[in-house]
Every structure is written in structure tokens, then in C-alpha cells.
There are 2 protein chains.
Amino acid sequence: MTDWPSRVDGLAEHALPLDDRGLAYGDGLFETILLYRGRPVLWDAHLDRLKRGADALGIAAPTSPDWQQDLAGLLLQCPAPLPERLVLKLVLTRGGGGRGYAVDPASAPRRISRLLPAPPADAALRESGIRLRWCGLRLSRQPRLAGLKHLNRLEQVLARAECSDPDIDEGLLCDSSGTVVSAIAGNLFVGRGGRLLTPPINAAGVAGTCRGALLAAGVAVEQALGIADIESADELFLCNSVRGILPVGRLGDRCWPVGPLTRAALACLAAIDPAFE
Amino acid sequence: MTDWPSRVDGLAEHALPLDDRGLAYGDGLFETILLYRGRPVLWDAHLDRLKRGADALGIAAPTSPDWQQDLAGLLLQCPAPLPERLVLKLVLTRGGGGRGYAVDPASAPRRISRLLPAPPADAALRESGIRLRWCGLRLSRQPRLAGLKHLNRLEQVLARAECSDPDIDEGLLCDSSGTVVSAIAGNLFVGRGGRLLTPPINAAGVAGTCRGALLAAGVAVEQALGIADIESADELFLCNSVRGILPVGRLGDRCWPVGPLTRAALACLAAIDPAFE
């Protein structure tokens with residue numbers, strides 16, 4: 001349990017009915033949003049992804065004002081002063097009931113919002129770079145769910161358990177075909193021959209909002225990549241919506257300094273939102 | 001919300017803390033058990049599967065007496081007379097918290113138990129047989145999770161949504177390689193040339209407790225099967241732990257009467273437990 005405020009369908013609440021399908025089947029979606037000085041970063045991109053996921057699962061998505069009202073309520077519940085960085089977690093579930101896997105047409109989606117502390121600042125990691133390993137677990141390929149931030153995350157939990165070595169910060173994942181997908185909790189960008197590449201997310205993985213912003217800004221392009229492409233890269237970085245860009249310092253025996261394409265991407269993301277400066 | 005009794009970690013409770021990882025990631029397991037005249041059917045088989053799943057996910061499994069105590073408490077909360085058939089749903093989650101996908105070593109697993117009404121009796125369906133279709137969705141292949149009854153069930157929810165036609169009772173699923181796996185909520189048995197066959201569950205699907213009982217009794221063997229093997233079968237049935245054996249009456253253009261191997265399996269299962277008579 002947390003002391004941080006949370007809301008369910010707009011009401012201050014810390015618990016969920018046991019018949020919720022989010023618990024029963026992971027039947028829902030989530031977003032993890034950086035709240036910088038009280039302002040949600042890449043808000044539209046997060047709600048767009050949530051809407052895409054809701055459409056794919058056939059769940060009616062709440063409107064942006066619904067979520068904004070939740071956020072306003074959460075902030076009012078927070079003791080002053082507000083930390084500079086917080087995490088806003090949104091969860092949308094299909095709601096309660098239904099007989100088995102069949103959806104009860106009468107069930108209403110459920111909207112959960114929570115404020116959480118942000119992870120520690122990554123200033124040191126930004127210089128030294130984070131330390132990666134390859135995970136043994138291979139992501140399964142499911143085009144119907146690829147890209148979405150849905151609640152079925154056991155593969156990520158199992159992969160993360162492979163990274164208990166204190167000298168390892170994060171893991172890299174391939175899918176069952178051996179194609180590189182992403183890190184466990186972030187997308188992967190690869191500098192090769194002066195270009196910045198990132199794996200397409202069409203069979204496995206989450207299409208991150210920072211990834212989307214960098215692609216839209218034209219600093220990177222999608223390209224299918226294998227393990228050898230990563231290990232022979234000129235530079236590497238990860239990104240996610242809470243931590244921004246994280247240069248990779250080491251993967252196995254290979255070490256990298258922070259490279260010029262990574263510095264350009266850092267500048268690009270900081271220009272998109274000052275929270276990433 | 002339900003009027004039926006439920007317990008969380010042994011206490012009468014209808015809600016779950018919002019930080020539970022069962023909700024956040026589907027980080028847990030479940031069992032759906034037939035309660036026949038107050039007695040849980042195939043109890044040991046259900047707890048064995050739960051234990052196998054807990055071991056695979058690295059969750060400490062509660063003991064059988066813990067669950068038995070929950071069941072006794074649920075039954076005491078139930079108004080008399082008890083229906084002849086109920087469903088006992090057990091859920092085991094990794095518990096609360098942790099930072100992202102990493103497990104908090106201090107977090108304790110959470111034990112949820114609920115009583116629910118049983119589905120309507122299938123006497124008519126047992127004669128006419130149930131009506132199946134092939135689902136378009138292909139199950140992803142993940143050997144690390146195959147066989148387990150874990151909480152990541154979005155594929156089953158999506159597949160079930162393909163069966164909204166009132167003339168269809170249930171769907172059949174292949175995995176992404178085109179190999180037949182099971183029905184959405186039950187295992188598949190196929191009579192061919194006097195033998196009863198069932199697909200191995202090593203890349204996708206749930207290894208059902210009725211399936212396990214029939215295999216252990218020696219009435220069926222595992223064999224990899226394709227779509228053509230099913231469509232040209234002499235007879236077909238599904239089974240699951242709540243509904244027992246369900247003969248298949250129709251799949252696409254093909255119709256089947258209840259066959260001799262199905263009748264033998266019905267007799268075998270009834271001999272294993274009178275709840276299945």
C-alpha cells in the first residue's frame with residue numbers, strides 16, 4: 001500500500017474490486033507518465049497510445065478531460081511542496097465481471113490513476129552510461145498486441161529477474177525469431193554508420209512515447225536489427241517516458257562512451273520537452 | 001461487485017490494493033475449481049499446477065492448508081442451502097509494489113479466494129454437442145509460460161470476442177506456427193483411428209486438470225495436430241475443470257454425433273470423480 005494519492009473512476013480510493021478483469025486476465029492497459037513540476041510530459045502521446053490500445057481491445061477509452069480531472073484531484077490530495085518529478089500512472093481496465101473470458105456487455109471500463117515517486121535522478125548514469133545484458137528469455141510474437149502498453153507483462157517480469165546482478169542495470173530482449181526488440185523497460189536506439197536506428201515494434205514490445213517523439217522528429221528511423229548489429233554498433237541508448245534518454249555504457253565485453261548521435265538525440269528530446277533537459 | 005463471499009489472505013474482503021502486481025502486470029496465477037456439494041474437485045491437481053506456476057514465476061506458493069482454511073471460511077459465509085455446484089476461484093499474486101518490473105524482495109505473495117456461481121448445466125449440450133469455430137487469433141509461443149494458468153490472458157479475451165455469433169459456443173486456437181493448441185477455455189481431445197489424441201502443451205495453452213486426469217488414466221496420448229487432423233477427426237471433445245467433458249457437435253461444415261471414445265472418456269472421468277457423472 002502507498003501513502004501516495006490514487007483515484008478509481010474519479011474518486012479517492014486505494015483498492016479495486018476483486019472481480020475486476022484487469023486482475024483476472026490483465027484485461028486492460030496502462031501508461032506511466034513523467035509529471036514534471038506538476039505537468040504531465042508527452043500527455044497527448046500517452047493518451048493516444050492508450051486510445052489505440054483501448055480500440056484494439058474493444059474497451060471504451062475515457063476522454064482526456066476525465067484523466068485531467070483525475071490528475072487535478074490527485075495533485076490536490078498531495079501535500080505541498082510537490083516534488084519536481086513524480087510519476088503519474090494511469091490504468092484502464094475493462095471493468096468487472098463477465099462469465100469467463102467473454103465480456104459482459106453491461107460492464108463499464110474502470111479508470112485508475114495514481115501518483116508515485118519518480119525513480120532517482122540519472123545524472124551519473126547519463127555520463128557513465130547504463131550497463132546491459134542480453135536476457136535469455138525471448139519475447140513471444142503477437143502482432144495483435146505488439147506496440148500496446150497492455151497489462152500482460154509476465155515476460156517483462158521474468159526478464160527483469162535475470163538482471164539481479166548489481167553490475168547490470170537493464171536487459172535487452174530479442175523475440176522468438178531472434179530479432180532484437182527493445183530493453184525490458186525502454187526502447188533501444190542504435191547508432192551505425194552515422195544513422196540512428198530503432199527496431200520496428202510490430203510483433204513484440206511497446207512503442208514508447210519518447211521513441212515516437214524521436215521518430216517523429218526525424219532523428220531516427222526504424223530498421224530490423226539482429227544481435228550482431230547491436231554488439232557492433234557505434235553507440236547505443238535506451239529511452240523511456242520517465243527517464244528520457246539513457247546512454248548505454250556497456251553490453252557484455254563492449255564499452256561505449258556517449259556518442260554524437262546520442263548527444264543529438266538528447267538535445268532533440270530536450271527541445272521537445274524541458275523535462276528532459 | 002459480487003454478493004458471493006471472497007477472502008484476501010484469509011480475511012473476508014472484496015477489494016485488492018491498487019499496487020498489487022496481479023493488476024499491474026498480470027504477475028500471478030489462478031485456478032478455477034468445481035465445488036461439488038461443498039467439495040473441491042481435483043483439488044490436488046489444481047494445487048499442483050498452482051505450485052508449478054508459482055515455482056516458474058518465483059512466487060512462494062501458499063500451502064494446501066492455507067487454501068483449505070480460506071475455503072472453509074468462504075463456505076461459512078455462504079447462506080444455506082449451498083448450491084450443488086459452485087466455482088471456487090483461487091488467485092495467487094506476487095503481492096504489492098516493487099519498482100517497475102523488478103520484484104521487491106520484501107513483498108509477500110497475496111492469496112485471493114472467491115466463491116462464484118457455476119455455469120448452467122450442460123445436459124443438453126452433452127447430447128447435441130457444442131458448436132465450435134476456428135479463431136483467427138493465433139496464440140503466441142512462449143515455452144516459459146506454456147501450461148501454466150497465469151494471469152496474462154488477453155489472447156483468450158481477444159479470441160473469445162471472435163465467438164459472439166449466438167450459433168457458436170466456443171473457439172479453437174492454433175499457435176503462430178499453425179499447430180492446434182486447445183479451445184479458448186478448455187483442452188481438446190481428438191478421436192482418430194480408434195485412438196484419443198490431445199495436443200502437447202509446450203509452447204502455448206493451459207495444461208488442464210481434466211486433461212491431466214485423462215492422460216494419467218491412459219485413455220489418451222499427446223500428439224501434435226494440425227487443422228486438417230481436427231477437421232477429419234472421427235470425434236472430438238473439449239474438457240475443462242468446471243464443465244468436465246463437452247462433446248463437439250459441429251465445427252464449420254462438419255457435424256459429429258457423440259462417439260465411442262468420447263463415451264469412454266466420460267465414463268473414465270466419472271469414475272475419477274462423481275461430480276463428472
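Which strands of chain B does helix H3 (residues 64-77) lie across? In this predicted model, local features require a pLDDT of at least 70 and side-chain atom pairs a pLDDT of 80 or more, whereas totals for chains, interfaces and linings use all residues. Residues are numbered from 1 along each chain as its sequence is written, chains are lettered from A in the order in which they are written, and side-chain values use heavy atoms, without hydrogens and water.

Helix H3 of chain B lies across strand E1 (6-8), E2, E4, E5, E6 and strand E7 (110-117), and runs at about 40 degrees to E7(B). Helices (H or I, at least four residues) and strands (E, at least two) are DSSP runs numbered from the N terminus. Angles run from 0 to 180 degrees between N-to-C directions, with axes fitted as lines to C-alpha atoms, for helices over the stretch in contact; contact means heavy atoms within 4.5 Å.

The open sheet of chain B has 6 strands in the order E2-E1-E7-E6-E4-E5, with antiparallel pairing. Pairing requires at least two DSSP bridges between two strands. Strand E2 (11-12) and strand E5 (39-40) of chain B form the edges, each pairing on one side only. Strand E4 (residues 28-36) of chain B pairs with E5(B) over 2 bridges, and Leu35(B) has Pro40(B) as its bridge partner.

In chain A, helix H6 (residues 209-216) packs against helix H8 (residues 260-272) at about 100 degrees, with the axes 10 Å apart. The two helices are therefore roughly perpendicular, a term covering angles of 65 to 115 degrees. Cys210(A), Ala213(A) and Leu214(A) of H6(A) meet Ala265(A), Cys268(A), Leu269(A) and Ile272(A) of H8(A).

Terms used:
Parallel < 35°, antiparallel > 145°, perpendicular 65-115°, else oblique.
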